[in-house]
Amino acid sequence: MATTENKTSFQRLPCLVTPINYHIRLAPDFKKFTFEGSQSIDLKVNESTAEIVLNSDKLTIENGADQCNVKLPNDNKTINIKEIKYNVEEETATLILAEKLVPGMNAILNLEFSGELDKNLTGFYKSRYIGPDGKERFSAVTQFEPTYARKAFPCWDEPAHKATFDITLVVPVSDNDDKMVALSNMSVKEENRDSQKRRVVKFDRTPIMSTYLVAFVIGEYDYIETRSKHGVLVRVYTPLQKSEQGRFALDVAARSLDFYTDYFQIPFPLSKLDLIAISDFSAGAMENWGLVTYREVCLLVDPSHTSTSRKQSISLTVAHELAHQWFGNLVTMEWWTHLWLNEGFAMFMEYLCVDHLFPDFMIWKQFVSDTFLSAMNLDSLANSHPIEIPVGHPSEVEEIFDDISYNKGACINRMLYHYIGDENFRKGMKLYLSRHSYKNTQTEDLWNALEEASQKPVRRMMTTWTKQKGYPVVTVNCQGSNRLELTQEKFNSDGQLSDADKTMLWAVPVQVITAKDVQKPQAEILLEKRVETLELGSLIDLQKEWIKLNPFAMATYRVQYQQEDLFIRLLEEGIGQQKLDPADRLNLINDLYSMTLAGRKSSDVLFQAIGSFRNECEYSVWTVMNVILSKYNQLLYGYDFHPKFVEFGTKLITQKVFGEIGWDPKPSEPHLKTLLRPLLINRLVTFEYPEVMKKCHEAFDDHVAKRKSIPADLRSAVYRAMSSQITDEIWEKIMKLHDEAELQEEQMRIQSALGSVKKPEFIERVLKFAISDKVRSQDTIFVVASVACNPSGRRTAWEFFISNYELFKSRYDVGFLGNALIKSLIENFQTEEMAHQIEDFFRVNPNKGWDRSIQQSIETVRLNAALMARDTEKLAKFFQ
Ligand SMILES: [Zn+2]
């Protein structure tokens, strides 16, 4: 296994010569799937040199003197390029010049080059779609973050090398080329035809920006448009004849732009903003300045086929990418080490914005059950990493687009936001964004601005959260009737502390609520030392009453209550009688769950506590309960008491909450109830609850016979129910629905539901389907993952991966898709033997881009094994 000791050696580009402006002209060919390019780059010569080193990957640079040279316009002179040396591993090209350049020279580098339209959805790549006539067509689109601009044109492809761009696109001649749109970051400046009758589209010059934010698209799209309150022209581009599906996103985009403009008090720097749905797209979306690209499922809404949760997630994604227009695009991290400055902030801001646009979503409650918990879980592993992490080679950069940069980043921002307050936060943001506009920053620059604005020790506090991996558990020890002794130590999911761990300390903003007032903290302290005491005064009698730390799960730490009787009171009154806010209820149970995984508590105690949620009807709390039930369903599958566990889980859901929520949506019910219904039904489908299975069958039959369509919110559950009881006949019906579905969301829903099949011959069939032409490469991962997350398919999915290893590696060797695949394939196993086997496999078949995910997943397998060794007997006893 690769470890930090044998990292690939890596050096950033030398700065002897740097770019000021790029004139780029690109002409794709949709028959050969290639492109030709030419560019002139205005250079700044910083030191004397006869070598220019820049990034270039999989491009062929012409080296004839006519196409490739350095011009010195002031001297009316041309310097030839003697030789071009490529370094494939470093993704660079070194141009050896015939003469030295010296500082102060006005130099222009001219290059001609060619490349292939990429198949792996990076750089300048082709995207396939079916036109309204049913025929296959292609568009050419880009994905440059983090390090793929160099696959489209030779450039200084590092975020700190900002420059301006004059982009020209040449539309290939075809029978429909006049209907094609050519888009880039800026508005069209002029358009004419070249000698080959091709359309040549020139765009306005961009502001100073990083290469990874450059974008272009050539293809057939329809659009709808509006103007934001502040006058920015906003368009949503969709597949042909689907422009109405962009309506929801258009509204969210225009309103988000206004929200951020008002919040940051800095206008959107461009005159237009396009959002476009791309049929082949690897990530969820990409914030290219002025031309934001999305997966179709992350942008398009069809009123009769789009689920409520999908719509909510589209609003978050749109708000996320638009936050980047300031946070990331206007002000950019100096190097990928500070990636979290982009992602942690965009993720925090997306919630702030959506909470403003859609108050009924109660989105902050969902923040705790989604973002907060996944960050905390990942960050307790030994193979986690600090938010600020040294990275070099592109494969390492790709790996840190993970839950630490995004989710933990967002969590510590939320903690800071509440620590300094909204007004100071706004002031600090404005200061930071205006001070560093069109420039690059490091994490400290942000802390300085927020510290200036708030006059609080932001820098000292936040450094403990970004430079160290992990987070603390605070142990609460009651002393007498009103004093707390607080002790912090690192929380590790294996319950062990290394010597280095033992020295770690965080600045933890600890707040305490009491039974008397669960909304307003009664005491607080910034816990910076190992142990501190906190006086609660005459407010409370700890012998009789209860308290809770970390109200609303505002801060990123866990709590362990030393006194058993206090904890029991907390459970009985806080949860059983629902005296606590939902965020606190879910925070309590999740802390207990993590303590259980770490061996600080045992599983029977956890399930005893879960029993006290019998009256629970809150969506966010059920999200966490669902995570716990799902984990134990994986772990206990195959044990003779597994059916008893299923019975326990079913009863927990059916005794109250399911009765209240029911199968049918109620008119104008609250948003969170609408989200809770599919969550419960999906869980009951997994548990094969007969009443629900019957309903699913009926709904499916009606849907297929076109008598009554299944509400979009319930389709996933129904398709999963049918898959779990699959026959050839059902398979045919499901496939027909899949092939006829026009919306990618519906296709993906069916594909993932197929992962619930149980019969071995069908498991094989689903896995083969996953890599067939019927499933887009970007979606294959989710089909395989759904099989791997099904206890009956886990083993087969792993074996399938091994036997198709080269295929998976060639498609997903770097990037988020491959890493997601690795995790889902591995982390549900639970034996030391399996951990060994997986380790052995990757020792012989390594892939650098997955290293961290492999290590994290194997660690999880070992944690599962340890948990089962500790708790199996106790669980057996509990469920018997
Ligand atoms: Zn982002």
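Over residues 546-862 the chain is 69% helix and 2% strand, with the end C-alpha atoms 36 Å apart. Helices here are DSSP runs of H or I of at least four residues and strands are runs of E of at least two, both numbered from the N terminus. UniProt lists that range, in an unreviewed entry, as "domain: ERAP1-like C-terminal". UniProt positions are in the numbering used here, feature names are shortened, and annotations may be inferred rather than shown by experiment.

Before going on, the ground rules. This is a predicted model, in which local features need pLDDT of at least 70 and side-chain atom pairs count only at pLDDT 80 or more, while totals for chains, interfaces and linings use all residues. Residues are numbered from 1 along each chain as its sequence is written, and side-chain values use heavy atoms, with hydrogens and water left out.

The other annotated range is residues 248-465, which the unreviewed UniProt entry gives as "domain: Peptidase M1 membrane alanine aminopeptidase". Over residues 248-465 the chain is 58% helix and 9% strand, and the end C-alpha atoms are 37 Å apart.

Next, empty space. Rolling a probe the size of a water molecule over the atoms shows where empty space is left. The grid is 1 Å over the protein atoms alone; a cavity is a set of points where a 1.4 Å probe fits but cannot get out, a pocket is an open set with protein on both sides within 12 Å along at least five of seven lines, and lining residues have an atom within 4 Å of a point. Points are joined across faces, edges and corners, and a volume is the space filled by probe spheres set on the points.

By this rule there are four cavities of 30 Å³ or more. The largest cavity holds about 80 Å³. Which element gives the most to the lining of the largest cavity? Helix 12 does, with four residues. Strand 29 (558-561) and helix 12 (582-597) are the elements that give two or more residues to that lining. Among the lining residues are Tyr561, Phe567, Asp591 and Lys601. By class, the lining of the largest cavity has six nonpolar, one polar and two charged residues. For the classes, Ala, Val, Leu, Ile, Met, Phe, Trp, Tyr, Cys and Pro count as nonpolar, Asp, Glu, Lys and Arg as charged, and the others, Gly among them, as polar.

The second largest pocket has a volume of about 780 Å³. Its lining comes to 32 residues, with Pro28, Asp29, Phe30, Lys31 and Pro172 nearest the centre. Strand 1 (17-29), strand 2 (34-45), strand 8 (106-116) and strand 10 (136-143) each supply at least two lining residues. That lining divides into eleven nonpolar, seven polar and 14 charged residues.

Now the rings. The structure holds 64 aromatic pairs. Rings of Phe, Tyr and Trp (its six-membered ring) pair if their centres lie within 6.5 Å; planes under 30 degrees apart count as stacked, over 60 as edge-to-face and the rest as tilted. Tyr561 and Phe567 have ring centres 5.9 Å apart and planes at 25°, so the pair is stacked. Both Tyr561 and Phe567 are buried, where buried means under 20% relative accessible area, exposed over 50%, and partly exposed in between (1.4 Å probe, protein chains only). The rings of Phe645 and Phe879 have centres 5.6 Å apart and planes at 85°, so that pair is edge-to-face. The pair links distant parts of the chain, with Phe645 in helix 15 (residues 642-654) and Phe879 in helix 28 (residues 851-879), 234 residues apart. Phe645 is buried at a relative accessible area of 0%, and Phe879 is buried at 7%.

Two charges sit over rings, meaning NZ of Lys or CZ of Arg within 6 Å of the ring centre and within 35 degrees of the ring normal. The charged end of Arg255 sits over Phe358, 5.4 Å from the ring centre, and that of Lys311 sits over Phe248 at 5.1 Å.

Last, the backbone. A cis peptide bond joins Glu145 and Pro146, with omega about -5°. Leu121 has phi near 65°, a positive value in a residue other than glycine. Is Leu121 buried or exposed? Leu121 is buried, with a relative accessible area of 8%. Lys197 also has a positive phi, near 70°, but Lys197 is exposed, with a relative accessible area of 61%.
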